[in-house]
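Thanks for coming. I will talk for a few minutes about one structure, so please have a look at the picture first.

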There are 2 protein chains.
Amino acid sequence: MRALIVDGERVRIVDVPSHAPGPGEAVVRVTRAGVCATDLEIVRGYMGFRGILGHEFCGVVESSPDPAWTGRRVVGEINCACGSCPTCRAGRPTHCPGRTVMGIQGRDGAFAERIVLPLANLHAVPDGVSDEAAVFTEPLAAACEVLEQVPIRPTDRVVVLGLGRLGQLVVRVLALTGAQVLGVGRSHLGLLPPGVGAVAADDVDGLDLADIVVECTGAPGGLAIASGLVRPRGTLVLKSTVHQPAPPPVTGWVLNEITVVGSRCGPFPPALRLLASGLVDPRPLVHAVLGLSDGAAALAEAGRPGVLKVLLDPAR
Amino acid sequence: MRALIVDGERVRIVDVPSHAPGPGEAVVRVTRAGVCATDLEIVRGYMGFRGILGHEFCGVVESSPDPAWTGRRVVGEINCACGSCPTCRAGRPTHCPGRTVMGIQGRDGAFAERIVLPLANLHAVPDGVSDEAAVFTEPLAAACEVLEQVPIRPTDRVVVLGLGRLGQLVVRVLALTGAQVLGVGRSHLGLLPPGVGAVAADDVDGLDLADIVVECTGAPGGLAIASGLVRPRGTLVLKSTVHQPAPPPVTGWVLNEITVVGSRCGPFPPALRLLASGLVDPRPLVHAVLGLSDGAAALAEAGRPGVLKVLLDPAR
């Protein structure tokens, strides 16, 4: 099958044998895959990953240990945990120290015609959710993770800093809380959903301090800017995984008693519910759909400033 | 009166006029004052403070807007808030943007024969608490602040990194939760209270990861070490105010979904209760009591590695 691999700092399309599934694993034919900022960081050397890139996908089960799954449309959680270590038994399988992570760490990813994943990682996509929406499940789950970690009240004032791929989803999820949500960014202010305040990045100095600030810039300097927007005893949520972030203002965090919450992967079921109900519609975020053969170009396109979600269609 | 002032990077004893109290302010004769790591950082340039140093004290009220306070033994909260701004009205007076802070920011401190403070900042010292214990109220309140911010359960595993002045108090407060508390430090392991595990700083690599790590080293590199000791989704509390901390492992915080909590001043009433009940006895932490005239020497002594609490007695 064709697959997009990263090897050092090179990205290329290669023909590789399809993987044979191991015990408990299913084979999924990928129908759509999404390019994420983390993919671009990996190409720059983050995580030192080598192999097939990609961790956002939807597809159709071709084979499975449980035949009932064959032919179903699915999305897949990216962390493959051991299930038996103390961390897994404590209910934190996404942090299993022995985990592999699809397209990120020790396991091939979804920029390919097929992907092999544990059946336990798969979630069925509801009928009303298109492939083009379902492929957003993984980043939408990451947006939901903010609410798993930080209670947001309807009276809170929330700033989402960075209106790229992830920031747009975080804005949409947090706006559902009834809180006053402001999106701050250099572009895509027009894509913000109704009721969300739009603030140009250059106007950030005039903002009142927020109870909660979510840093989604993906830029090395974003954390320092975000730190300046949160009120004393407020909460700063870090969603960006930047290869080399700028040193943050730690002393200010102590003086202002800021809580800083690192936030990564989130729960798939609520993300699928938000897609099925239509409460979150990610489709306006699609910038382009390219064939797998154009994978290198897709990554380059996704890396251009202001470009939102680039999807890959392995059938093309 | 005699006072120890910091002026740029110089510290000296001077004779200054006693301050006249403003509306609502009391005059307190200082009987004991304590040297804190923050004082040493201020001498190095932190906060750019100039004036009378010192923010840990106990004393006797000489004059007060309410005569009932005259002659009482008191300790005093260090933040003087406006009481009327949105931050104060939201219940966060210690973060009032217009605040002055005794011996730290815009207000003279306690390394003097007398100090002027708003009566609202004073707390009466219970009869059974000696001056030498009461002078620890402020740092003990800062230790209590950890529990104000982070719920600690009896089944948690807690590491306190740094067993200096503040770390020793944090250990004592957190041990009261019933949690498994480990103190990690270069010295003073023998001062840890019964039931608290003692781990030499050099043996830190072998430790199991902790649910909660409290960083009390006061050293630029402490935050990075503390980050390596906390489990995924655990909490890292920052107590050190270091003038120039080393850049922390922010990407690791995101990957491991660490919560980082900046922690500063705390509530005086529980600290006074812990002293009165004897649940916390800080007196073994006293390294020396010097006269105010020896203030510069006291600061130098407090700055020596491994030296715990140096107290000043202005009557000497």
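Before anything else, one term: two strands count as paired if DSSP finds at least two bridges between them. Please also keep in mind that this is a predicted model.

Let me start where the two chains meet through strands. Strand S17 of chain A, residues 259–262, pairs with S17(B) in the antiparallel sense, over three bridges. Which residue of S17(B) stands opposite A:Thr259? The residue there is B:Val261.

For those new to sheets, strands pair through backbone hydrogen bonds, and the pairing is either parallel or antiparallel. S17(B) also has a partner within chain B: strand S16, residues 230–238, pairs with S17(B) in the parallel sense over four bridges. In that pairing, B:Leu238 has B:Gly262 as its bridge partner.

Now the side chains. In a regular strand they alternate between the two faces of the sheet. In strand S17 of chain B, B:Thr259 and B:Val261 point one way, while B:Val260 and B:Gly262 point the other way. Are these four buried or exposed? All of them are buried.

Next, the interface as a whole. In chain A, 36 residues are in contact with 36 residues of chain B. The size of an interface is often given as the accessible area lost when the parts come together. Here the area buried between chain A and chain B is about 2900 Å², and carbon and sulfur atoms give 58% of that. On the chain A side, A:Val254, A:Leu255 and A:Glu257 supply 21% of the area that chain A buries against chain B, which is more than any other three residues.

There are charges across the interface too. How many salt bridges does the rule find between chain A and chain B? It finds two. One salt bridge is between the side chains of A:Arg233 and B:Glu145, at 3.4 Å from N to O.

Then the aromatic rings. The count is one aromatic pair over all chains. The ring centres of A:Trp253 and B:Trp253 are 6.0 Å apart and the planes are at 50°, so the pair is tilted.

In chain A, the charged end of A:Arg72 sits over the ring of A:Trp69, 4.9 Å from the ring centre. In chain B, the charged end of B:Arg72 sits over the ring of B:Trp69, also 4.9 Å from the ring centre.

Back to strands for a moment. Chain B has an open sheet of three strands in the order S2-S1-S4, with antiparallel pairing. Its edge strands are S2 (10–15) and S4 (51–52), each of which pairs on one side only. Strand S1 of chain B, residues 2–7, pairs with S2(B) over six bridges. Within that pairing, B:Ile5 stands opposite B:Arg12.

Last, two backbone angles in chain A. A:Met47 has a phi near 70°, a positive value in a residue other than glycine. This residue, A:Met47, is in the loop between helix H1 (37–43) and strand S4 (51–52). A:His188 has a phi near 65°, also positive in a residue other than glycine. A:His188 is in the loop between strand S13 (180–185) and strand S14 (197–200).

Notes:
Residues are numbered from 1 along each chain as its sequence is written. Chains are lettered from A and ligands numbered from 1 in the order in which they are written. This is a predicted model: local features need pLDDT of at least 70, side-chain atom pairs count only at pLDDT 80 or more; totals for chains, interfaces and linings use all residues. Side-chain values use heavy atoms; hydrogens and water are left out. Rings of Phe, Tyr and Trp (its six-membered ring) pair if their centres lie within 6.5 Å; planes under 30 degrees apart count as stacked, over 60 as edge-to-face and the rest as tilted. A charge sits over a ring if NZ of Lys or CZ of Arg is within 6 Å of the ring centre and within 35 degrees of the ring normal. Contact means heavy atoms within 4.5 Å. Buried area is the accessible area (1.4 Å probe) that two parts lose on being put together, summed over both. A salt bridge is a side-chain nitrogen of Lys or Arg within 4 Å of a carboxyl oxygen of Asp or Glu. Buried means under 20% relative accessible area, exposed over 50%, partly exposed in between (1.4 Å probe, protein chains only).
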